[in-house]
Each structure stands twice: as structure tokens, then as C-alpha cells.
Amino acid sequence: YNPILRDVLQEYIGDGRLPNAEFIDIFNVQFSDSHVNGGDCFHPSEAGHSLLSDVEWCPSKWEDGQFSCGP
């Protein structure tokens with residue numbers, strides 16, 4: 001699905017509807033039990049959201065050296 005999502009997002013970026021959007025592939029992020037919401041067992045928990053934000057921020061165009069984004 002990631003190539004499809006990337007392409008659809010690019011359409012929105014290209015026609016100006018989402019000028020600040022950026023696709024970042026996080027397909028390889030591995031969740032553990034603590035990263036999944038215990039209520040519905042599907043959506044990310046607070047720890048899961050934290051993990052995703054850490055993984056997404058560093059490769060984004062908004063990361064400007066404020067955080068430790070090592071190799």
C-alpha cells in the first residue's frame with residue numbers, strides 16, 4: 001500500500017491541496033505489545049505514537065537539528 005499512498009499524496013501536493021505534506025515510509029517500524037492500544041488492540045498506544053513520531057521526524061524536511069537524529 002505504501003507506493004499507492006505515496007502516489008495519492010503526491011497528487012494532493014502537486015495540485016496545491018496539501019503543500020506542506022510529506023510522505024515518509026515507516027513500513028519497517030516494528031511494534032511490540034506496549035505500542036498497541038489495549039482498548040481496541042489495533043491503534044497505536046501512547047508509546048506507539050511516540051515511536052512513530054521518533055521514526056518520522058528525523059527524515060522529515062522539518063527536522064532542523066533540534067533533536068538527536070543519528071544514523
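This passage walks through the fold, the surface and a few selected residues of one protein chain.

The model is predicted, so local features need pLDDT of at least 70 and side-chain atom pairs count only at pLDDT 80 or more, while totals for chains, interfaces and linings use all residues. Residues are numbered from 1 along each chain as its sequence is written, and side-chain values use heavy atoms, with hydrogens and water left out.

The protein chain holds 2 helices and 0 strands; here helices (H or I, at least four residues) and strands (E, at least two) are DSSP runs, numbered from the N terminus. Helix α1 has 13 residues and reaches 18 Å from its first C-alpha to its last, close to the 18 Å expected at 1.5 Å a residue. That expected span is 1.5 Å times one less than the number of residues in the helix. Just after α1, G16 takes a positive phi of about 85 degrees.

Of the 71 residues in the protein chain, 13% are buried. Buried means under 20% relative accessible area, exposed means over 50%, and partly exposed lies in between (1.4 Å probe, protein chains only). The accessible surface of the chain comes to about 5,700 Å², and 56% of that surface belongs to carbon and sulfur atoms; the areas come from the Shrake-Rupley method with a 1.4 Å probe, and for residues only the protein chains shown count as cover. As for contacts (heavy atoms within 4.5 Å), 29% of those between residues at least 6 apart in sequence join residues at least 24 apart.

A search of the whole structure finds 2 salt bridges, each defined as a side-chain nitrogen of Lys or Arg within 4 Å of a carboxyl oxygen of Asp or Glu. One joins R6 to D7, with the closest N and O atoms 3.2 Å apart. R6 counts as partly exposed because its relative accessibility is 39%, and D7 is also partly exposed, at 40%. The other joins R17 to D15, with the closest N and O atoms 2.8 Å apart. R17 is partly exposed at 49%, and D15 is likewise partly exposed at 45%.

An α-helix has 3.6 residues a turn, so residues three or four places apart point the same way.

Turning to the loop between α1 (2-14) and α2 (46-57), this is where H35 is found. H35 is classed as buried because its relative accessible area is 15%. A polar atom of the H35 side chain lies 2.9 Å from the backbone nitrogen of S32. Leaving aside residues up to four places away in sequence, H35 touches Q30, H43, P44, S45, A47, G48 and L51.

The last stop is K61, in the segment after α2. K61 is partly exposed, with a relative accessible area of 47%. Beyond residues up to four places away in sequence, K61 touches P19, N20, A21 and E22. K61 and A21 are 40 residues apart along the chain, and their C-alpha atoms are separated by 9.8 Å.

How values were computed
A polar contact is a pair of N or O atoms within 3.5 Å; within protein, one must be able to donate a hydrogen and the other to accept it, and residues adjacent in sequence count only if both atoms are side-chain atoms.
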